[in-house]
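Open the model in your viewer and keep the sequence panel beside it.

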Amino acid sequence: MSPTATLVIRRGTAGPAAARCESFTVPFEPGQSVLDGLRWIRRHRDPSLAVRYSCINANACKECMIELDGKTVYACTARLEARVMRLAPLANKKLVRDLVTEIAPPSERFPGRG
């Protein structure tokens, strides 16, 4: 049997609905990033999973910041591991949905986006 990683992802929106955790088992290969696992989930299991990124494995855009096991990381550089990994949105930022938080400074946001 091939090794797998289990990503337990905190999901929900900024509204009154309660947050929930969903667990996804993804194929694991050494060298993969957490972002690779999230993209696999979107492609093969749940296209509604909200995650923000612009680059892939380059750590240039700084948009894929999440909490991994309670520590702030970039999903594109954090390594996927063959174990249970807990992912959550940044706790100190305004939640948009799932793993997406408002990271742009107020002066750089489009009007009407708070």
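**Stop 1: the whole chain**

Show the chain as a cartoon. This is a predicted model. The protein chain has one helix and seven strands. Trace them in sequence order and the pattern reads β-β-α-β-β-β-β-β.

Now colour by accessibility. Of the 114 residues, 37% count as buried. Take the contacts with a separation of 6 or more: 48% of them are between residues 24 or more positions apart.

**Stop 2: the nonpolar core**

Nonpolar side chains tend to be buried together in soluble globular proteins. Which residues touch the most other members of the largest nonpolar core? Select Leu7, Ile9, Val34, Leu38, Ile41 and Leu87. They belong to a core of 23 residues.

- strand S1, residues 4–11
- strand S2, residues 20–27
- helix H1, residues 34–44
- strand S3, residues 65–68
- strand S5, residues 84–88

H1 supplies the largest share, five residues.

Stay in the core and centre on Ile9. Leave out its neighbours within four places in sequence. What is Ile9 in contact with? The partners are Arg20, Cys21, Glu22, Phe24, Leu38, Ile41, Leu49, Leu87 and Leu99. Two of the names, Leu38 and Ile41, are already selected from the core.

**Stop 3: the cavity**

Rolling a probe the size of a water molecule over the atoms shows where empty space is left. How many cavities of 30 Å³ or more does the structure hold? There is one. The largest cavity contains about 40 Å³ of space.

Select its lining: Val51, Arg52, Glu63, Cys64, Met65, Ile66, Leu99, Val100, Thr101 and Ile103. S3 and strand S7 (100–101) each supply at least two of the lining residues. Colour the lining by class. Seven residues are nonpolar, one is polar and two are charged.

**Stop 4: Thr101**

Keep Thr101 from the cavity lining and hide the rest. Thr101 sits in strand S7. Is Thr101 buried or exposed? Its relative accessibility is 2%, so Thr101 counts as buried.

Now show what surrounds Thr101, skipping residues up to four places away in sequence. Thr101 touches Arg52, Pro89, Leu90, Lys93, Lys94, Leu95 and Val96. Arg52 also lines the cavity.

**Stop 5: the salt bridges**

Side chains of opposite charge can pair when their charged atoms come close. The structure holds seven salt bridges.

Start with Glu22 and Arg11. Their closest N and O atoms are 3.4 Å apart. The pair links distant parts of the chain, with Glu22 in strand S2 and Arg11 in strand S1, eleven residues apart. Glu22 is partly exposed, at a relative accessible area of 23%. Arg11 is buried, at 3%.

Move to Arg83 and Glu81. Their closest N and O atoms lie 2.7 Å apart in a salt bridge. Arg83 is partly exposed, at 32% relative accessibility. Glu81 is partly exposed as well, at 36%.

Finally, select Arg11, Arg20, Glu22, Asp46, Arg97 and Asp98 together. Salt bridges with shared partners join these residues into one network.

**Stop 6: Val84**

Go to Val84, in strand S5. What is the accessibility of Val84? Its relative accessible area is 44%, so Val84 counts as partly exposed.

The C-alpha atoms of Val84 and Thr6 are separated by 4.6 Å, although the residues are 78 apart along the chain. Leaving aside neighbours within four places in sequence, Val84 is in contact with Thr6 and Val8. End the tour with these residues on screen.

Conventions: Residues numbered from 1 in each chain as written. Predicted model: local features only at pLDDT ≥ 70, side-chain atom pairs only at ≥ 80, totals over all residues. Heavy atoms only, no water. Core = buried A, V, L, I, M, F, W, Y, C linked by side-chain atoms within 4.5 Å. Buried < 20%, exposed > 50% of the residue type's maximum accessible area, 1.4 Å probe, protein only. Helix = DSSP H or I, 4+ residues; strand = E, 2+ residues; numbered from the N terminus. Contact = heavy atoms within 4.5 Å. 1 Å grid on protein atoms, 1.4 Å probe; cavity = no way out; pocket = protein on both sides within 12 Å on 5 of 7 lines; lining within 4 Å. Points joined across faces, edges and corners; volume = space filled by probe spheres on them. Nonpolar A, V, L, I, M, F, W, Y, C, P; charged D, E, K, R; others polar. Salt bridge = Lys/Arg side-chain N within 4 Å of Asp/Glu carboxyl O.
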